[in-house]
Amino acid sequence: MLDFDQAQTLLANAAAPLARREHVGLDEASGRVLAADLDATVDIPPADNSAMDGYALRLADWQPGARLPIQQRCYAGDTPEPLKPGHAIRLFTGSLIPAGADVVVMQEDTHEADEQVEITRQPRPGQHIRLRGEDTLAGAPLLPAGTQLQAAHVALLASQGLASVPVYGRLRVGILTTGDELVAPGGAREPAQIYNSNGPMLAALVRGMAAAPALVLHARDTEDDLRGAFKTLLAECDLVLSVGGVSVGERDLVKPALAALGGELSLWKV
C-alpha cells in the first residue's frame, strides 16, 4: 500500500497546469491564481505623507518653549504650500509633507493656541513621515505568477490602480457518485436506500478551493451507466472525482468501466 504523502505526490505530479487564462475584475479575483508576473506601476506611497495628525516643521526651527505660527491647515487630499522658515503647517494622517519640512510632530506632543503651536517634546529627524515608495517602488516585482490571490493581494493590486488581473481559468471538476442505494436529498427514499451526501459535500469542498464543480452526476451500479457518466464528465471537465464502486464486490464496477475507456490505474490502495 502507498502511504498518504507518496500517493499525494504521485497525484500532483500527474497533473498538468491549466493553460486557460482570462482577465477578471478585482471583485472576482479572490481565490483565483495569478497567470502572469506583475510589477508595480506606481510608488506607494506616491508622495511623502504624514503618518500622524500633527504639525510639519523644520527641525532646525524647534527650540524649547518656542511658539511657531501656523501657516496653513492641510488635510489629506490637499496640496500644501511650501513651508516658510520659522512656521508650522497643521497636518492630518495622509496629508502630503510640505516642501521644506523634515519632521512631523504628533498633536499629543504639542500645544496650540492663538494660531500658534508649541512643541512640547524634542522631535527626531524624519519622525512620523511615510516616505514615497517605502511600501512599493514602481518597476519592482509586485506579485509572481502562481500566487493564489487573497484579500491582502487584492488590496495591493488595487493600490496600483489595477481594475482587473490575468488569472488562470477555474479548474473544472466533475463529481461522480455511484450506488443503487443512493437517492438525491429531497427525493423519495425507500427503506433500503440512503440520501447521497457525498455529492453535495465534494461540490462544497471544490468551491472552497476556488475551483468549479462543473458537473455532479450519479450512476447506478452497471458498467454501461458508469461508462456513460465517465464519458460525459471527461469531455467537460479537467478533473473527475468518483466515489464508490472500487472495492472487490460483484457490483464494484468503476475499475472495469475506466479500463474499457482506456484508463490506466496509476496509484491504488493508499
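How many bridges join strand 4 to strand 6, and do these strands run parallel or antiparallel? Three bridges join the two strands, which run antiparallel. The legends below describe close-up views of a predicted model.

Figure 1. Six strands form an open sheet in the order 7-4-6-5-9-8, and their pairing is mixed. The strands at the edges are strand 7 (103-106) and strand 8 (110-113), each of which pairs on one side only. From one strand to the next, the twist averages 35 degrees. Strand 4 (residues 54-57) is joined to strand 7 by four bridges, and these two strands run antiparallel. Strand 4 is also joined to strand 6, by three bridges, again in an antiparallel arrangement. Alanine 56 illustrates both contacts: its bridge partner in strand 7 is valine 104, and its bridge partner in strand 6 is isoleucine 89. Strands of a sheet pair through backbone hydrogen bonds, in either a parallel or an antiparallel manner.

**Figure 2. The parallel pairing of strand 5 and strand 6.** Strand 5 (residues 67-74) and strand 6 (residues 88-91) run parallel and are joined by four bridges. Within this pairing, isoleucine 70 stands opposite alanine 88 of strand 6.

**Figure 3. A stacked pair of aromatic rings.** A search of the whole structure finds one aromatic pair. The pair consists of tyrosine 75 and phenylalanine 92, whose rings are stacked, with 4.6 Å from centre to centre and 5 degrees between the planes. Planes under 30 degrees apart count as stacked, so the angle of 5 degrees places this pair in that class. The pair ties together parts that are 17 residues apart in sequence, because tyrosine 75 lies in the loop between strand 5 and strand 6 and phenylalanine 92 lies in the loop between strand 6 and strand 7. Tyrosine 75 counts as partly exposed because its relative accessibility is 43%, which falls between the cut-offs of 20% and 50%.

Figure 4. Aspartate 114 is found in the loop between strand 8 and strand 9 (116-119). Although aspartate 114 is not a glycine, its phi is positive, at about 55 degrees. Glutamate 115 is found in the loop between strand 8 and strand 9, and it has a positive phi of about 60 degrees although it is not a glycine. Is aspartate 114 exposed or buried? Aspartate 114 has a relative accessibility of 72% and therefore counts as exposed. Glutamate 115 is partly exposed, because its relative accessible area is 46%.

Figure 5. Isoleucine 44 and proline 45 are joined by a cis peptide bond, with omega at about -5 degrees. Proline 45 has its place in the loop between strand 2 (38-39) and strand 3 (49-50).

Figure 6. Proline 17 is found in the loop between helix 1 and strand 1. With a relative accessibility of 75%, proline 17 counts as exposed. The C-alpha atoms of proline 17 and aspartate 109 are separated by 57 Å, and these residues are 92 residues apart along the chain. Alanine 19 lies in the loop between helix 1 and strand 1 (21-25). Alanine 19 counts as exposed because its relative accessibility is 70%. The C-alpha atoms of alanine 19 and tyrosine 168 are separated by 7.1 Å, while the two residues are 149 residues apart along the chain.

**Figure 7. The largest pocket and its lining.** The largest pocket holds about 2300 Å³ of space. Its lining comprises 49 residues, of which Leu11, Leu239, Val240, Leu241 and Leu267 are the closest to the centre. Two or more lining residues come from each of helix 1 (4-13), helix 3 (198-208), helix 4 (223-236), strand 17 (239-243) and helix 5 (254-260). Which element gives the most to this lining? Helix 1 does, with six residues. By class, the lining has 35 nonpolar, eight polar and six charged residues.

How values were computed. Residues numbered from 1 in each chain as written. Predicted model: local features only at pLDDT ≥ 70, side-chain atom pairs only at ≥ 80, totals over all residues. Heavy atoms only, no water. 1 Å grid on protein atoms, 1.4 Å probe; cavity = no way out; pocket = protein on both sides within 12 Å on 5 of 7 lines; lining within 4 Å. Points joined across faces, edges and corners; volume = space filled by probe spheres on them. Nonpolar A, V, L, I, M, F, W, Y, C, P; charged D, E, K, R; others polar. Pairing = 2+ DSSP bridges. Axes fitted to C-alpha atoms, helices over the stretch in contact; angles between N-to-C directions. Phe/Tyr/Trp six-rings, centres within 6.5 Å; stacked < 30°, edge-to-face > 60°. Buried < 20%, exposed > 50% of the residue type's maximum accessible area, 1.4 Å probe, protein only.
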